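Here are my notes for you to read with the sequence and the structure open side by side. Please check each point in the viewer as you go.

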Amino acid sequence: MTQIDDLPPLREVIRRHDLKPRKSLGQNFLLDLNLTARIARAGGSLAGVTVLEVGPGPGGLTRALIAEGAARVIAVERDERAMAALGEVADHYPGRLTVVSGDALELDPRPHLGDAAGPVRIIANLPYNIATALLVRWLSVEPWPPWYDSLVLMFQREVAERIAASPSSKSYGRLSVLAGWRTEAKILFDVSAAAFVPPPKVTSSVVRLAPRAQPLPCDRAALERVTEAAFGQRRKMLRQSLRTLGLDPKPLLAAAGIAETARAEDIPVEGFVALARQLAAQDSA
């Protein structure tokens, strides 16, 4: 394993600070610094980039981000046990690491970004128990395009497949539609469970999501309602599953140019956007 800096090995950091991973926090630490460097590079050059990282733990990915050239890293961590270890990294790289104590689900990171001169990128080995909720939050920011230039995130392989899924695939669902509406999502590579401490029971995947500058105009709340109804009964025809919206779905489908016999898993993102626009129009009528 190549040493990326002259800080202590991560196993020593974990032992010295008693940072045993906690299941309640969804913690699985990456100790392979070659792998963390690969994740750091996955979104492109970090020269001049401010990076938001969530769940840094003992700081393996944090160190890789800085070593790969990030101008500044804002690391959000709710585990107070990790603060001393991250403080050592901050001391080693003066002015390049800011550690924010808090829950990423409740914290608005923008005030902590300061006057970042270059682009902002979100790169993280997300805690599994909040990964999907965080992604939906970042995909739902307003106004759009967002304040970040891309997302490079680690998920369980099953979740990654749902994010990047295409219509007519078994993984295609609500998350696929939301991600596909506002971003271009791609699975970059898999990470074996053996790379983590403790090893999870599943393979993980790194996903890159690049925001679309001009996604199709759509009311996000209406899109969420349509996809919830459609995929809530995905084996049924849309004319049946959309009845849970409390209206006659036939005019909705006709206006969107979708056959009544179509099923949710076969409708492209554009079709769901058309349905959401028709729903929003009916709501406002």
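**Notes on the model**

1. In helix H7, the residues that are buried are Leu 175, Ser 176, Val 177, Leu 178, Ala 179, Trp 181 and Arg 182. Please keep in mind, here and in every point below, that this is a predicted model. Helix H7 spans residues 174-182, and because 7 of its 9 residues are buried, the helix is largely enclosed by the rest of the structure.

2. What do the buried residues of H7 pack against? Their partners include both helices and strands: helix H5 (131-139), helix H6 (157-164), helix H8 (220-232) and helix H11 (269-284) on the one hand, and strand E7 (183-191) and strand E9 (204-211) on the other.

3. Strand E3, which covers residues 72-77, is mostly covered as well, with 5 of its 6 residues buried. It pairs with strand E2 (residues 50-54) in the parallel sense over 5 bridges, and within this pairing Val 51 stands opposite Val 73 in E3. Between E2 and E3 the chain passes through helix H3 (residues 60-67), and this β-α-β crossover is right-handed.

4. Strand E3 also pairs with strand E4 (residues 97-101), in the parallel sense and over 5 bridges, where Glu 77 stands opposite Ser 101 in E4. To get from E3 to E4 the chain goes through helix H4 (residues 83-92), in a β-α-β crossover that is right-handed.

5. Phe 29 belongs to strand E1 (residues 29-30), and with a relative accessible area of 7% it counts as buried, because the limit for that word is under 20%. Leaving aside residues up to four places away in sequence, Phe 29 touches Ile 14, Leu 19, Pro 21, Gly 57, Pro 58, Ala 195, Phe 196 and Val 197. Phe 29 and Gly 55 are 26 residues apart in sequence, while their C-alpha atoms are 9.6 Å apart in space.

6. Across the whole structure, a search finds 4 aromatic pairs. In one of them, the ring centres of Trp 147 and Tyr 148 are 5.3 Å apart and the planes stand at 90 degrees, so this pair is edge-to-face.

7. Finally, please look at Arg 38, which lies over the face of Phe 189 at 3.8 Å from the ring centre.

Terms used: Residues are numbered from 1 along each chain as its sequence is written. This is a predicted model: local features need pLDDT of at least 70, side-chain atom pairs count only at pLDDT 80 or more; totals for chains, interfaces and linings use all residues. Side-chain values use heavy atoms; hydrogens and water are left out. Rings of Phe, Tyr and Trp (its six-membered ring) pair if their centres lie within 6.5 Å; planes under 30 degrees apart count as stacked, over 60 as edge-to-face and the rest as tilted. A charge sits over a ring if NZ of Lys or CZ of Arg is within 6 Å of the ring centre and within 35 degrees of the ring normal. Helices (H or I, at least four residues) and strands (E, at least two) are DSSP runs, numbered from the N terminus. Buried means under 20% relative accessible area, exposed over 50%, partly exposed in between (1.4 Å probe, protein chains only). Contact means heavy atoms within 4.5 Å. Two strands pair if DSSP finds at least two bridges between them. A crossover is right-handed if, with the strands pointing away from the viewer, the path from the first strand over the helix to the second runs clockwise.
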